[in-house]
Amino acid sequence: MAKTIQTTCCIAGGGPAGLMLGLLLARAGVDVIVLEKHADFLRDFRGDTIHPSTMQIMHELGLLDEFLKLPHQRVPVFTAQFGTERLPLADFSQLPVRAPFIAMMPQWDFLDFLTRQARAYPNFRLFMKTEATALVQKEGRIGGVVAIGPDGPIEIHAALTVAADGRDSELRKSSRLPVEDFGAPMDVLWFRLSRQPGDTDQTQARFDAGHIFIMLNRGDYWQCAFVIPKGANKQVRGAGLVSFRDSLRPLLPLDPSRADEINDWEQVRLLAVQVNRLRKWWLPGILCIGDAAHAMSPVGGVGVNLAVQDAVAAANELGNPLRAGHALDAHLEAVQRRRAWPTRVTQRLQLLIQDNVIATTLVEKGKLRPPLMLRLIAATPGLRRLPARLIGMGVRPEHISATRQG
């Protein structure tokens, strides 16, 4: 027989959206349980870019100084190389925030930090190795979840259930909320290369005819992304590791022999790119946020930022009613209304870049030149603030409300 637990809010998913929401609700005096299906947060190739708007949230919580003590690399300016031309495209250093840069930080460090802060509140509980598998129906609304934990099944009854369990959300599937899929022209192969003395510190993005290659500085290694046409993973692997390494060598701003560090396909992970969003983010008793509500393209690395912004908006709207023991449909609708517009605008911009920059680069055979708009941005310092604002702050940045701290 399943063990039964009662709480006010049950959040499925211990990613940026779930843990940030858990922290903010606990801070507001709400009894909250977060479920994370893994035993820890140590998984490679997740979104590791912490944007200025997220760090501004940390500042508003009084946590920024402590947060920035964690190992990270700062990116004040984003530069991309098209063929032989290097273009500065986004200058974050002029943003009106306390941390005007992107912080490259392993996501597990970010999640561990949020967990430590949340555990300072006695009304916060995190259940590791516990996966939400189904929804509990109660009096015509969602009344919690069925989960599988280390000691067997658990039934968690809650006034509100939040699906923050990612783009393959089990709770979203159970809710049968309709999804709009916008497609993507690419997938991404992720892998590591070592960082050596004498390597540049800069995060790299290189566009060449038929190839897109990105290197993110992780301190003692490079996290690399090799962009391939949608569905080409089998073809790339079928051509063999020698061919794959040879395709990397001319793209590396390093000794080309560094590609020889890839000696097994187990070192190369596939990210199947999705861009989609729910038409409706909620049903009575359940709300979807983060990737469960809208899977973002990796363009701009804004997925973590959008997830955190969703969590802040949800906490601002739901903190008071949940502390009173309930969340009405109108409150859930208000969260979607607040976050749907910035999600739509961001995805539209991502799709524009996917179709007009990424897709055309991947099929280009001759000499590659950057698009005119990007050349104009690179040549005009003032224009670099617009992409910096869109990437670093988002379309509608959220702020911590004056909800009472518990």
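Start with the open sheet of three strands, ordered β3-β7-β4 and paired in the antiparallel sense. Its edges are β3 (49-50) and β4 (73-75); each has a single partner strand, so one side of each has no neighbour in the sheet. Before you go on, some ground rules. This is a predicted model, in which local features need pLDDT of at least 70 and side-chain atom pairs count only at pLDDT 80 or more, while totals for chains, interfaces and linings use all residues. Residues are numbered from 1 along each chain as its sequence is written, and side-chain values use heavy atoms, with hydrogens and water left out. Helices (H or I, at least four residues) and strands (E, at least two) are DSSP runs, numbered from the N terminus. Two strands pair if DSSP finds at least two bridges between them.

Select β3 together with strand β7 (residues 102-104): two bridges join them, and they run antiparallel. Click on Thr49 and look across to β7, where its bridge partner is Met104.

**His72.** Now pick His72, in the loop between α3 (64-67) and β4. Is His72 buried or exposed? His72 is buried, at a relative accessible area of 17%; buried means under 20%, exposed over 50%, and partly exposed in between, with a 1.4 Å probe and protein chains only. Show its polar contacts (N or O atoms within 3.5 Å; within protein, one must be able to donate a hydrogen and the other to accept it, and residues adjacent in sequence count only if both atoms are side-chain atoms). The His72 side chain reaches the backbone oxygen of Leu70 at 2.8 Å, and it also makes a polar contact with the side chain of Arg74 at 3.1 Å. Set aside residues up to four places away in sequence and His72 touches Phe101, Ala103, Met104 and Met105, where contact means heavy atoms within 4.5 Å. You have already met Met104, as the partner of Thr49.

**Helix α2.** Next, colour helix α2 (residues 52-60) by burial: seven of its nine residues are buried, so the rest of the structure largely encloses it. The buried ones are Pro52, Ser53, Thr54, Met55, Gln56, Ile57 and Met58. Just after α2, stop at Gly62, which takes a positive phi of about 75 degrees.

**A helix pair.** Show helix α1 (residues 16-27) and helix α4 (residues 107-118). Their axes come within 9 Å and cross at roughly 20 degrees; axes are lines fitted to C-alpha atoms, for helices over the stretch in contact, and angles run from 0 to 180 degrees between N-to-C directions. The two helices are therefore roughly parallel to each other, a label for angles under 35 degrees, with over 145 counting as roughly antiparallel, 65 to 115 as roughly perpendicular and the rest as oblique.

**Two hairpins in a row.** Move on to strand β9 (residues 131-138) and strand β10 (residues 141-149), which pair antiparallel over seven bridges. Lys138 stands opposite Arg141 in β10. The hairpin of β9 and β10 has two residues between the strands, and there Glu139 takes a positive phi near 55 degrees. Follow the chain: a hairpin through two residues joins β10 to β11. Six bridges link β10 to strand β11 (residues 152-163), again antiparallel, with Gly149 opposite Gly152.

**The seven-stranded sheet.** Now bring up the open sheet ordered β6-β5-β14-β15-β16-β13-β17, whose pairing is mixed. Its edges are β6 (85-91) and β17 (269-271), each with a single partner strand, so one side of each lacks a neighbour in the sheet. On average, neighbouring strands here are turned by 25 degrees against each other, direction ignored. At the β17 end, three bridges join β13 to β17 in antiparallel fashion, and Leu189 has Leu270 as its bridge partner. At the other end, find helix α10 (residues 372-379) lying across β5 (77-82) and β6, at about 70 degrees to β6.

**Last stop, Ser194.** Ser194 lies in strand β13 (residues 186-194). What does its side chain make a polar contact with? The partner is the side chain of Glu261, at 2.6 Å. Ser194 is buried, with a relative accessible area of 19%. Leaving aside neighbours within four places in sequence, Ser194 is in contact with Asp199, Asp220, Tyr221, Trp222, Arg258 and Glu261.
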